[in-house]
Amino acid sequence: MTGAEPRILVTNDDGIEAEGLAVLEEIARSVSDDVWVIAPVDEQSGMSRALTLSAPLRVKRLEEKRFAITGTPTDCVLMGTQDLIEGAGPDLVLSGVNHGQNIAEDVTFSGTVAGAMQGLQLGIPSVAFSQAYGFEGRAKIKWETARAFGPHVLRRLLAETWSENVLMNVNFPDRAPDEVDEIEMTVQGRRDQHIIHAERRTDLRGGDYYWLGFTGRRSDPAVGTDLRAIYEGRISITPLHIDLTHHATHERLRKALSGPAPKADDRE
């Protein structure tokens, strides 16, 4: 992306008051003064590309170019582009900075990635940003790393061109800025074990309920993946797209399974 200062729509899935959103605003303002913040009222982590279809959306204007919506990140990007941003639509959608990494299969249920994916679907260059944290938890997130490298990474991305069918997924490692030595273009990894589990608990009336959480176990990812980069302290940039077709399988089975549907007498 080159030329005039871009108009930027900033969203997230951790909510309008999230610290990561404030960090992303700083990153956005490093390349433009025309920044519109449109984010969920409450945390929407794990909502993926959910749309609010069975309830009304409420919009609260907090200040000029800043809105909170009772919906998901996808709702926010839709509302921002179609109604809330005055005049020309955004040239760029930024989502994050997420409280925790969005790598490997996480990207399929990430609300942060979904916000960028909705921008992509609308034909707008889009970038998702996430800040990894370790076993110490959210209280120890190294926001200074995203602050230190976010503007540089964004400027580098904007200086390049990439497919209109691709969003960029950026993850900062759980390292202090002076411990980060490399940026790596990566592919989406896959963990070799399940890390999400349902823990059964009992409420004060004796009823059972369940709480989903992460086990915190590490996998042994391949070199070149987003997982490996984050584990080893590198900034990971992964190009993602919406197409979930497995093309090798499509080609392998196309001749065997494609063709006329069987008539009644030929159906098994």
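Accessible areas here come from the Shrake-Rupley method with a 1.4 Å probe, and for residues only the protein chains shown count as cover.

This is a predicted model, in which local features need pLDDT of at least 70, side-chain atom pairs count only at pLDDT 80 or more, and totals for chains, interfaces and linings use all residues. Residues are numbered from 1 along each chain as its sequence is written, and side-chain values use heavy atoms, with hydrogens and water left out.

**View 1. Meet the whole chain.** The chain exposes about 14,900 Å², and carbon and sulfur atoms supply 49% of that area. Along the principal axes, its C-alpha atoms fill a box of roughly 70 × 50 × 45 Å. You can find six helices and 11 strands in the chain; helices (H or I, at least four residues) and strands (E, at least two) are DSSP runs, numbered from the N terminus. Of the 268 residues, 46% count as buried, where buried means under 20% relative accessible area, exposed over 50%, and partly exposed in between (1.4 Å probe, protein chains only). Take contacts (heavy atoms within 4.5 Å) between residues at least 6 apart in sequence: 76% of them join residues at least 24 apart.

**View 2. Helix 1 and its cover.** Helix 1 spans residues 19-29, and its buried residues are Gly20, Leu21, Val23, Leu24, Glu25, Ile27 and Ala28. What covers these buried residues includes strand 1 (8-11), strand 2 (35-40), strand 4 (66-69), strand 5 (92-99), strand 6 and helix 4 (143-158).

**View 3. A stacked pair of rings.** Rings of Phe, Tyr and Trp (its six-membered ring) pair if their centres lie within 6.5 Å; planes under 30 degrees apart count as stacked, over 60 as edge-to-face and the rest as tilted. By this rule the count comes to one aromatic pair. Phe129 and Phe172 form this stacked pair, with 6.1 Å centre to centre and 10 degrees between the planes. Phe129 belongs to strand 6 (residues 126-131) and Phe172 to strand 7 (residues 167-172), so the pair ties together parts that are 43 residues apart in sequence. Phe129 counts as buried because its relative accessibility is 0%. Phe172 is buried too, with a relative accessible area of 0%.

**View 4. A nonpolar patch on the surface.** Ile196, Leu212 and Phe214 make a nonpolar surface patch of about 330 Å². Look for Phe214 in strand 10 (residues 208-214); this residue counts as exposed because its relative accessibility is 53%.

Notes: Patch = residues over 30% accessible without salt bridge, like charges linked within 9 Å, V, L, I, M, F, W, Y side chains within 5 Å. Salt bridge = Lys/Arg side-chain N within 4 Å of Asp/Glu carboxyl O.
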